[in-house]
Amino acid sequence: MFMKYAVIGNPAQHSLSPVMHMAGFLTSKIDATYEAITVLPEELDATVKKLSGEYNGWNITYPYKEDIIKYLDVISEGARILGAVNTVKNEQGKLSGYNTDGLGFVAAVKNAGFIPKGNKVVMIGAGGAARAIVFELARERAEITIVNRNQQKAEELAKQVEDVCGCSVKCAPWEKGEWLTSSELIIQGTPVGMQNEPFTLDLEGMKNNALVVDLIYKPLETDFLRQAKKVGCRTMNGLEMLLYQGAYAWDIWFGRKAPIESMRKALYAAVNKK
Ligand code: NAP
């Protein structure tokens with residue numbers, strides 16, 4: 001049976017999801033297409049109507065992860081708590097929404113050998129991506145500190161996570177602190193570095209056996225990751241999170257595991273070509 005999938009966003013044309021999923025469909029002999037659809041705000045109603053009639057599922061990227069919720073019939077517990085959906089499954093017009101961002105991130109760091117339970121993690125940033133990741137790491141019982149430019153936002157996120165997950169989450173000011181030297185996993189979750197600009201916090205003293213992750217994947221190596229590499233840390237860019245959040249969509253859409261290796265290969269080839 002021929003199936004149709006897509007990612008919607010504004011803009012969506014830059015998205016790497018079509019390349020990744022099409023490679024997976026080819027490997028797994030799934031007869032389906034996956035497109036990137038740029039949707040203007042005034043087109044969202046009509047687009048969701050069209051997708052509901054013609055597509056088996058879709059992903060949602062910036063800026064519609066919250067707006068999509070009002071169209072859904074069912075929403076997973078995790079997505080409801082985050083107030084954001086990145087994956088929709090369409091079963092004869094019945095729309096179910098999920099969020100695989102945090103799960104994808106945790107799968108990526110586990111694949112790199114990091115065990116969240118009982119280990120110290122610092123999340124730099126408190127936006128949408130950070131939120132999804134912090135909730136998932138808290139469910140895995142990591143010891144989390146949030147560092148954000150706007151500290152009040154960090155404290156609000158910490159409180160929400162504590163209320164939902166029943167664990168303690170610390171916050172630290174936007175400056176060098178104990179978190180830098182004691183964390184086993186350091187996550188950069190702000191857009192700083194997307195234009196190749198230097199990272200604004202002083203990172204000297206970073207624990208040299210830490211796993212250091214930047215959620216940015218364009219460029220593949222930010223100043224933040226370069227600094228971490230210099231002190232001997234293991235580094236990971238945002239492509240791995242993108243890969244695993246996409247792989248979780250396969251569980252939802254097809255009830256089967258995604259062919260990770262061919263999807264990863266396609267992603268890196270596409271990024272290196274651009
Ligand atoms: P967002 O919701 O807009 O949040 C942005 C965060 O970055 C906020 O915490 C903000 O702090 C902080 N920030 C922005 N500019 C800053 C600056 N100049 N200095 C210090 N902090 C700054 O964005 P998001 O959706 O979470 O995305 C964050 C990053 O993750 C982006 O680079 C995005 O491309 C990447 N991302 C990657 C994936 C993936 O699959 N790899 C998925 C989603 C997002 P304030 O609260 O102080 O404003």
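This is a predicted model: local features need pLDDT of at least 70, side-chain atom pairs count only at pLDDT 80 or more; totals for chains, interfaces and linings use all residues.
**Around the ligand**

| Protein residue | Protein atom | Ligand atom | Distance |
|---|---|---|---|
| Asn148 | polar side-chain atom | oxygen | 2.8 Å |
| Lys153 | polar side-chain atom | oxygen | 2.9 Å |
| Leu215 | backbone N or O atom | nitrogen | 3.0 Å |

So much for single atoms; how much of the ligand does the protein bury? On its own the ligand would expose 920 Å², and the protein buries 73% of that.

**Two helices that cross**

Next up is a helix pair. Two packed helices can be described by the angle between their axes and by the distance between those axes. Here the pair is α4, covering residues 101–111, and α5, covering residues 128–139. Their axes come within 7 Å and cross at roughly 65°, and the crossing is right-handed.

Which residues make the contact? On the α4 side you'll find Asp101, Gly102, Leu103, Phe105 and Val106, and they meet Ala132, Ile133, Glu136 and Leu137 of α5. Sorted by class, that contact has six nonpolar residues, one polar residue and two charged ones.

**A lysine in a strand**

Now have a look at Lys89, which belongs to strand β5, residues 87–91. Its side chain reaches the backbone oxygen of Ile252, at 3.0 Å. Setting aside neighbours within four places in sequence, Lys89 also has contacts that include Asn56 and Gly57, as well as Lys94, Leu95, Ser96 and Tyr98. Trp253 is on that contact list too, along with Ile252.

Finally, the loops. Where do the cis peptide bonds turn up? One joins Asn10 and Pro11, with omega about 0°, and Pro11 sits in the loop that links β1 (3–9) and α1 (17–27). Another joins Lys218 and Pro219, with omega about 5°. Pro219 lies in the loop between β11 (211–214) and α8 (223–230).

Lys29 is worth a glance as well: it isn't a glycine, yet its phi is positive, near 55°. You'll find Lys29 in the loop between α1 and β2 (32–38).

Notes:
Residues are numbered from 1 along each chain as its sequence is written. Side-chain values use heavy atoms; hydrogens and water are left out. Axes are lines fitted to C-alpha atoms, for helices over the stretch in contact, and angles run from 0 to 180 degrees between N-to-C directions. Helices (H or I, at least four residues) and strands (E, at least two) are DSSP runs, numbered from the N terminus. A crossing is left-handed if the near helix is turned anticlockwise from the far one by less than a right angle, and right-handed if clockwise. Contact means heavy atoms within 4.5 Å. Ala, Val, Leu, Ile, Met, Phe, Trp, Tyr, Cys and Pro count as nonpolar, Asp, Glu, Lys and Arg as charged, and the others, Gly among them, as polar. A polar contact is a pair of N or O atoms within 3.5 Å; within protein, one must be able to donate a hydrogen and the other to accept it, and residues adjacent in sequence count only if both atoms are side-chain atoms. Accessible areas come from the Shrake-Rupley method with a 1.4 Å probe; for residues, only the protein chains shown count as cover.
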